[in-house]
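Q: Hello! I would like to learn how to read a protein model, one feature at a time. Could we go through it together?

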Amino acid sequence: MEFHLKKRPRHDVKVEVVSLESKYPHNVMLYHYPPTDDVHIEEFEELALERLRLLRVLDRAFTKNLRLLSDEWKEYVNAELTREGLRSYLRLCSAGGSKHESDIQTRRRDYLSHFILRLAYCRSEDLTRWFVAREMELFRYKFAALSSSEVKQFLESNGFEIHPLTEAQKDEVKDGLYESTAGQSVSKIELLDFYKVPFTDVLDLVRGRRCYLKAGFAYVNTLDLVSIVGTRQQEEIEQGLQAAKGLVEEVEGDERISRMLKALHNSYTGKDYTVCRDAAIPIESLDQLSKTSMPLCMRMCHEHIRAQHHVKHGGRMQYGLFLKGIGVTLEDSLRFWREEFTKKMDADKFARSYEYNIYHNYGKKGSMVNYTPYSCAKIIKEMAAPGDCHGCPYKSMDPSSLKTKMASYGLSASAIDEVMFFVSRGHYQIGCGKYFQLTHSASVEPTINHPNHYFEESQILMGNRQKRTTNGPAPPKARVRPDIKGCADRSMLMGDDDDELWRIAETQERAMQSQKAISEAFDDDLDLTEIEY
């Protein structure tokens, strides 16, 4: 018996391959269609942190009260983007859309990272408000760099039904255009394109009397056209954030993504100070360094330890990890804490109750994780109770006590007022930067986002350390004092400390409470049930 298989006709399925250049053709794009790219989890996190660093630069410019798109604002933002390693984004904020592969990749990263952050910033009104404000500043910066031809191309590709006035139409209203266009000469105005739109589309220009109104229409020049397209962009972002809320539960099904997105806004995105690459700082130099190079939060911790010979768990974590980050070795750290604590307790008690945690922080016991020094964002979140020395003093201290403390450190009344100007408005890190500038007689106020960064900048300014560079050949070896060394220069997201340390501490606390003599002397040492890590 023979069987003959009937061959079915073959239908070749053509897969349309869309090039990156066609998907991301312009530097300025409305974030309308969600991207369909496949993204690895590592790139997902990298893009999120990159975008966050970008938006934080704009946020710092905002908190410094720099007028958006002014020369001073652009100078500051450009310098900060360069310092943050984000120069590729500067090319998106310049005229002339390049077809170079690197620029196309930057457009892709720009587009993807925006949608990733929507998932993180749709979770509350405060986060949404911050995100929309920073994104609109970025959009305005990019749009302001477009040439007249690029603006026309943008309007056409995004379906804006507005067209520049013809010369005849422009001539009919030229007197009104001359009177309403501030800051431009007549010859310059004649070269500008103008657009006729309903006045309701540019209410911000109407309020500022920055456009000519006639018969219910506003005449807007190319330079102010961002008010029209900006309104559309803001609507797209706000509607997209609302849509992202519906995706949150689905996204949170992946725990890796969920944890990262929830913690993103408070993530530290600067240098990694976990491991110090240079020679150690001997503990004998800490007293002097606390006065010259430590930020207020760490100086107060150091003074508390020297005065009280004891500090609660939060203070030990904050200051101990800071010391590790600036270059205090494990052996010296054990010696420092032992010498102080044994002024109030015997060596056996110190070994039982405290040594393990020090080994643990250095990654030598337990889960073997080399813990990261606390960033400013984490320290500011800390809630210090009476008797604690950790946390951010600019936030936790009442204004009069903070002024008294800074005065005792040698600041004049006028200098204190400069710091308090920012502190009173909740800008604690800017206040810390101003404190640095005043105490170091620096010409530029640094951006402080990490206590170890404060220490490093101080040592560079004092000539005890050479600033590290990331581009070009390695710099010549710095001539430094043997007691002052630098730290690693890597960027990462500060991971959460694992739960093992807390289980260990809880076990130690229960053991301590079972010992009557110890509990009478140190009954307030650890209350881990109230610590939010």
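Q: Is Phe115 buried or exposed?
A: Good place to start, and keep in mind that this is a predicted model. To decide, look at the relative accessible area: under 20% counts as buried. Phe115 has a relative accessible area of 11%, so Phe115 is buried.

Q: Which ring pairs with Phe115, and how are the two planes set?
A: For a ring pair, look at the angle between the planes: over 60 degrees counts as edge-to-face. The partner of Phe115 is Tyr31; their ring centres are 6.4 Å apart and their planes stand at 85 degrees, so this pair is edge-to-face. Tyr31 is buried too, with a relative accessible area of 3%.

Q: Where in the chain do Tyr31 and Phe115 lie?
A: Tyr31 is in the loop between helix H1 (20-23) and helix H2 (41-63), while Phe115 belongs to helix H5 (residues 101-121), so the pair ties together parts 84 residues apart in sequence.

Q: What can you tell me about the pair Phe421 and Phe422?
A: Phe421 and Phe422 are also edge-to-face, at 5.2 Å centre to centre with 85 degrees between the planes. Phe421 is partly exposed, with a relative accessible area of 37%, whereas Phe422 is buried at 14%.

Q: How many aromatic pairs are there?
A: The count comes to 22 aromatic pairs. Rings can also gather into a cluster, and one aromatic cluster here is formed by Tyr319, Phe322, Phe336, Trp337, Phe341, Phe350, Tyr354 and Phe455.

Q: Which charged end sits over the ring of Phe160?
A: That of Arg232, 4.0 Å from the centre of the ring. In another case, the charged end of Lys378 sits over the ring of Tyr374, 4.9 Å from its centre.

Q: What lines the second largest cavity?
A: This cavity, with a volume of about 110 Å³, is lined by 15 residues, and Cys297, Cys376, Cys392, Tyr394 and Cys432 lie nearest its centre. Its lining has 13 nonpolar, two polar and no charged residues.

Conventions
Residues numbered from 1 in each chain as written. Predicted model: local features only at pLDDT ≥ 70, side-chain atom pairs only at ≥ 80, totals over all residues. Heavy atoms only, no water. 1 Å grid on protein atoms, 1.4 Å probe; cavity = no way out; pocket = protein on both sides within 12 Å on 5 of 7 lines; lining within 4 Å. Points joined across faces, edges and corners; volume = space filled by probe spheres on them. Nonpolar A, V, L, I, M, F, W, Y, C, P; charged D, E, K, R; others polar. Phe/Tyr/Trp six-rings, centres within 6.5 Å; stacked < 30°, edge-to-face > 60°. Helix = DSSP H or I, 4+ residues; strand = E, 2+ residues; numbered from the N terminus. Buried < 20%, exposed > 50% of the residue type's maximum accessible area, 1.4 Å probe, protein only. Lys NZ or Arg CZ within 6 Å of the ring centre and 35° of its normal.
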